[in-house]
Amino acid sequence: MTKEQMILKIEELERRIRTLEEKVLTKPMDTIPTSDDVSRTDAKTMSCEMETAVINNLHKLGIPASFDGYRYLKIAIRLLTEGKITSDFCVTKELYPEVAKLHKKTPQQVERAIRHAIKVGYDRGDLEAWETIFGYSVSSKKGKPTNFEFIATFVEYIVVM
């Protein structure tokens, strides 16, 4: 994937996230379900649902929860989906330092832990789950995705899901 293609993917992801934010933030109060309906949807519930989706999909991909990289991925994905870091981010200059600061680690340690978690997940995980989330960008010929490809595609999958 060329740099231009990655930039286009990031811009598309940013557009989708902003559209989702607008839908959630501009939803009239009378359209929110009452307690008589299925359940009351608020920001906390949506955050829990997003967190659950992230956890379930990381498990499907075979990324062990005991790994530091698993925790760092969850934080990175949360930062991106909540808009605390925009999708025109620079992974090494913005995302890793932010995650590292939260865990009192260096950005290099965060990057290495995420790379290791992705590698282990790719080696041990369900190939069908990888293909479902990553499509043709992952195959036995191409190998595992880079950290950036993994995070960007995973966030896009979770937001659109």
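**Figure 1. Seven helices and zero strands make up the protein.** The model shown is predicted. Along the sequence, the elements follow the pattern α-α-α-α-α-α-α. Of the 161 residues in the protein, 37% are buried. Among contacts between residues at least 6 apart in sequence, 62% join residues at least 24 apart. The protein exposes about 10000 Å², and carbon and sulfur atoms supply 54% of that area.

**Figure 2. The largest nonpolar core holds 42 residues.** Within this core, L61, F150 and F154 touch the most other members. At least two core residues come from each of helix 1 (3–25), helix 2 (43–60), helix 3 (68–81), helix 4 (91–103), helix 5 (107–124), helix 6 (127–134) and helix 7 (147–160). Helix 3 gives the most, with eight residues. The surroundings of F154 can be listed by leaving aside its neighbours within four places in sequence: F154 is then in contact with V54, N57, L58, L61, I77, I133 and F134.

**Figure 3. Aromatic side chains gather in one cluster formed by Y122, W130, F134, F150 and F154.** The structure holds five aromatic pairs. One of these joins W130 and F150, with 5.8 Å from centre to centre and 55° between the planes, a tilted arrangement. W130 belongs to helix 6 and F150 to helix 7, so the pair ties together parts that are 20 residues apart in sequence. W130 counts as buried, at 0% relative accessibility. F150 is also buried, at 0% relative accessibility.

**Figure 4. A76 is placed in helix 3.** With a relative accessibility of 0%, A76 counts as buried. Not counting residues up to four places away in sequence, A76 touches L95 and V99. A76 and Y96 are 20 residues apart in sequence, and their C-alpha atoms are 7.9 Å apart in space.

**Figure 5. A network of salt bridges links E51, K74 and R78.** A search of the whole structure finds six salt bridges. In one of them the side chains of E51 and R78 meet, at 3.7 Å from N to O. E51 lies in helix 2 and R78 in helix 3, so this pair ties together parts that are 27 residues apart in sequence. E51 is partly exposed, with a relative accessible area of 24%. R78 is likewise partly exposed, at 32% relative accessibility.

**Figure 6. Helix 5 has buried residues that pack against helix 3, helix 4, helix 6 and helix 7.** The helix has 18 residues and reaches 26 Å from its first C-alpha to its last, close to the 26 Å expected at 1.5 Å a residue. Its buried residues are V110, A113, I114, A117, I118, V120, G121 and Y122.

Figure 7. E111 is partly exposed at 22% relative accessibility, and R115 is partly exposed at 31%. D123 forms a salt bridge with K119, the closest N and O atoms being 2.8 Å apart. D123 and K119 are also four residues apart in helix 5, a separation of about one helical turn. K119 counts as partly exposed, at 41% relative accessibility. An α-helix has 3.6 residues a turn, so residues three or four places apart point the same way.

Definitions and conventions:
Residues numbered from 1 in each chain as written. Predicted model: local features only at pLDDT ≥ 70, side-chain atom pairs only at ≥ 80, totals over all residues. Heavy atoms only, no water. Core = buried A, V, L, I, M, F, W, Y, C linked by side-chain atoms within 4.5 Å. Buried < 20%, exposed > 50% of the residue type's maximum accessible area, 1.4 Å probe, protein only. Contact = heavy atoms within 4.5 Å. Expected span 1.5 Å × (residues − 1). Areas by Shrake-Rupley, 256 points an atom, 1.4 Å probe, with all protein chains shown as cover. Phe/Tyr/Trp six-rings, centres within 6.5 Å; stacked < 30°, edge-to-face > 60°. Salt bridge = Lys/Arg side-chain N within 4 Å of Asp/Glu carboxyl O.
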